[in-house]
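Please look at the sequence and the structure shown below, and keep both at hand while reading this report. The sections go from the parts of one chain to the way in which the copies meet.

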2 protein chains.
Amino acid sequence: MKVNGKHYLTIWMEGSTVYMIDQTLLPFEFRIFEAKNYRDTCKAISAMIVRGAGAIGVAAGFAMAQACMEGQGGGYLDYIQNARKEIEATRPTARNLFYATERVFNAALKSVESAIREAIAIAEENIQDALAIGKYGQAIIPGKARIATQCNAGWLGFVDHGSALSVVYAARDAGKVLFVYVNETRPRSQGARLTAWELHHENIPHTIIADNACAYFAASEKIDLFVVGADRIARNGDTANKIGTLDKAIIAKEFGIPFYVAAPLSTFDVKCQTGKDIPIEERDEDEVLFQSGTDAEGVYRNIRVSNPGSHALNPAFDVTPAGYITGIITEKGIIKPIEEEIVKICNA
Amino acid sequence: MKVNGKHYLTIWMEGSTVYMIDQTLLPFEFRIFEAKNYRDTCKAISAMIVRGAGAIGVAAGFAMAQACMEGQGGGYLDYIQNARKEIEATRPTARNLFYATERVFNAALKSVESAIREAIAIAEENIQDALAIGKYGQAIIPGKARIATQCNAGWLGFVDHGSALSVVYAARDAGKVLFVYVNETRPRSQGARLTAWELHHENIPHTIIADNACAYFAASEKIDLFVVGADRIARNGDTANKIGTLDKAIIAKEFGIPFYVAAPLSTFDVKCQTGKDIPIEERDEDEVLFQSGTDAEGVYRNIRVSNPGSHALNPAFDVTPAGYITGIITEKGIIKPIEEEIVKICNA
């Protein structure tokens with residue numbers, strides 16, 4: 001997608017350096033973060049400089065390739081095995097991360113060059129998958145749809161285009177007139193910061209709402225459908241996604257509003273029988289207790305927005321049981337969230 | 001309740017000055033705001049220096065009494081009629097506001113002294129009602145209850161004790177061991193700022209959670225019941241309360257968790273047939289787009305936490321239909337949210 005007229009990807013690799021848009025600074029500052037080795041890339045994943053299931057997967061693949069380059073020579077296998085463990089410990093929930101480390105690690109057993117080619121292939125597939133998700137998904141968007149989304153499943157969460165927002169962009173390109181309700185998505189506000197930034201740059205009409213206001217707008221018949229991303233989809237269709245997704249799915253069910261998940265097949269984990277098998281990352285309480293942004297002079301600041309002395313619990317994801325999900329939009333078409341269709345499409 | 005060992009009320013009147021704890025500065029600074037005339041008090045209500053249905057009602061009663069003192073002499077009736085309109089325009093949703101202006105205005109038709117006595121009586125009743133709500137409500141709290149609440153329905157939202165939190169305090173005083181899930185309650189974060197501050201001062205174990213995490217904890221069977229406050233209760237039991245209450249009620253229903261509303265009878269509006277008749281206040285978008293708090297040096301700052309150029313919609317309340325509500329805890333006992341019981345208790 002374009003930023004100030006120039007085409008950018010969310011993440012890319014040149015030589016042994018991984019470049020990524022620093023998403024902790026957006027929407028206030030547009031800066032490229034350079035990860036010179038796999039440990040830098042690991043830190044970038046943990047600190048959410050790069051985030052979103054698709055982009056995390058690509059970053060993990062690049063990190064694995066970096067480790068291969070660094071570990072050439074004596075002790076190569078030990079080095080890349082240890083690196084794989086470190087990479088996989090950065091964020092436990094996103095399936096795409098493990099999908100990527102496995103592919104690049106297996107290629108690395110052949111050669112460093114194979115590992116690099118595999119990591120780049122994962123990034124290129126990510127772009128094509130996102131485009132295809134948009135193509136299939138836009139078919140279910142009504143002509144004047146008011147769409148609600150959670151977190152950021154946009155191009156920033158992939159290498160390009162996104163998952164849920166790829167559907168929005170494709171529907172817009174098909175001439176549909178859209179309005180997007182952007183749930184703020186506390187605690188890290190990826191909705192208010194990243195999704196709103198994307199939609200603003202794409203001139204797509206939208207409004208930010210507090211996460212608390214979602215039921216109000218659903219009850220007021222102002223939301224036609226939900227489209228959200230996913231971090232891991234179990235064999236039975238249970239879907240882990242950013243915390244608050246379950247709240248929105250329950251609201252959607254209550255008011256009879258279609259609730260779609262958009263995700264590439266690399267997000268599916270058929271070894272997880274149900275959502276109960278998906279590990280949920282718990283992050284630092286300070287993400288809830290503090291908030292960052294810019295003051296009137298444009299200075300970036302971190303402030304306490306809660307009672308000093310009180311603590312917080314901060315699960316980063318929740319699991320939406322398959323029964324709440326109308327359909328899953330993949331790069332091979334839209335499927336029902338049931339084992340039969342999931343296993344079939346994953347093996348196709 | 002006590003602050004640093006000294007007993008405080010949320011709001012009180014001495015002579016023609018209304019004093020109130022400035023709730024826009026809590027939990028970072030404890031300061032008393034002085035409203036020297038009714039217009040100051042109106043501004044304090046609009047700016048949420050005083051907030052919470054009960055405290056708003058008392059503030060409105062005091063403002064009406066201030067107007068009577070100011071308007072003595074020629075043009076008295078015109079003056080207090082205009083003042084009443086101004087006071088009632090400050091915040092449209094809270095029933096207690098209109099309840100108080102009506103009572104004090106009617107008394108003012110007799111004499112200024114009657115108006116002052118009536119305003120003070122409303123404040124004193126508010127304290128007694130809150131205590132009685134706690135007494136009745138604590139009976140439904142299990143011995144080791146994990147309670148979720150929304151916004152602040154504590155002593156800061158009343159003159160003392162609170163509604164939902166009065167139940168918590170009474171249950172604690174009855175020897176019950178409690179844990180409270182404090183929903184942050186964006187956009188103004190009354191949960192993270194005020195409820196957490198109250199519970200911290202009362203040494204009641206609690207955790208702040210992002211509003212988004214409520215379904216996660218409900219699905220994890222970590223919430224035994226919800227107790228929330230109310231800003232206006234219609235004749236059929238439909239209840240307006242802080243935005244996000246409906247989301248929580250829907251989640252409670254989905255997981256079979258009891259959902260109680262705690263409110264004095266002054267919050268009931270039997271002239272509203274259903275929730276559709278309750279006006280919903282829309283507040284400034286900046287409450288969503290910005291957030292305030294203190295930096296590491298303790299300096300109070302307001303920062304943008306959202307994409308510049310994007311807008312927000314900011315409904316301050318939502319309506320929870322009666323069907324979601326297990327019971328309403330009042331100062332005269334616990335009732336079902338049905339017209340028959342509501343009309344009976346309001347006329348008792």
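Into which domains is chain A divided?

## Two domains in chain A

In this predicted model, chain A is divided into domain 1, which covers residues 2-130, and domain 2, which covers residues 135-347. The centres of these two domains of chain A, taken over C-alpha atoms, are separated by 23 Å.

## Where the domains of chain A meet

In chain A, 38 residues of domain 1 are in contact with 38 residues of domain 2, and the two domains bury about 3200 Å² between them, with 55% of that area on carbon and sulfur atoms. Across this interface of domain 1 and domain 2 of chain A the rule finds 1 salt bridge, while 22 residue pairs are found in polar contact, both residues being at pLDDT 80 or more.

On the side of domain 1 of chain A that touches domain 2 of chain A, the elements that give two or more residues are β1 (2-3), α2 (53-70), α4 (95-108) and α5 (112-137) of chain A. The largest share of that side, 5 residues, comes from α5(A), and the residues of the side divide into 21 nonpolar, 12 polar and 5 charged.

## How the two chains are related

Chain B can be laid on chain A with an RMSD of 0.0 Å by a turn of 180° and a shift of 0.0 Å along the axis, which is the relation of a two-fold axis. The same surface serves both copies, since 100% of the contact residues of chain B recur in chain A. Among the residues of chain B, B:Asp211 comes closest to the rotation axis, with its C-alpha at 3.4 Å.

## Where chain B meets chain A

Between the chains, 63 residues of chain B are in contact with 63 residues of chain A, and the two chains bury about 4700 Å² between them, 59% of it on carbon and sulfur atoms. Three residues, B:Asn212, B:Tyr216 and B:Ile303, supply 15% of the area that chain B buries against chain A, which is more than any other three residues.

The rule finds 4 salt bridges across the interface of chain B and chain A, and the side chains of B:Lys253 and A:Glu254 meet in a salt bridge with a distance of 2.6 Å from N to O. Several elements of chain B give two or more residues to the side that touches chain A, including α7 (190-201), α9 (245-254) and β15 (300-304). The largest share of this side of chain B, 7 residues, comes from α9(B), and the residues of the side divide into 32 nonpolar, 18 polar and 13 charged.

Definitions and conventions
Residues are numbered from 1 along each chain as its sequence is written. Chains are lettered from A and ligands numbered from 1 in the order in which they are written. This is a predicted model: local features need pLDDT of at least 70, side-chain atom pairs count only at pLDDT 80 or more; totals for chains, interfaces and linings use all residues. Side-chain values use heavy atoms; hydrogens and water are left out. Copies are superposed by least squares on the C-alpha atoms of residues with pLDDT of at least 70 in both. Contact means heavy atoms within 4.5 Å. Domain bounds come from an automatic or database domain assignment. Buried area is the accessible area (1.4 Å probe) that two parts lose on being put together, summed over both. A polar contact is a pair of N or O atoms within 3.5 Å; within protein, one must be able to donate a hydrogen and the other to accept it, and residues adjacent in sequence count only if both atoms are side-chain atoms. Helices (H or I, at least four residues) and strands (E, at least two) are DSSP runs, numbered from the N terminus. Ala, Val, Leu, Ile, Met, Phe, Trp, Tyr, Cys and Pro count as nonpolar, Asp, Glu, Lys and Arg as charged, and the others, Gly among them, as polar.
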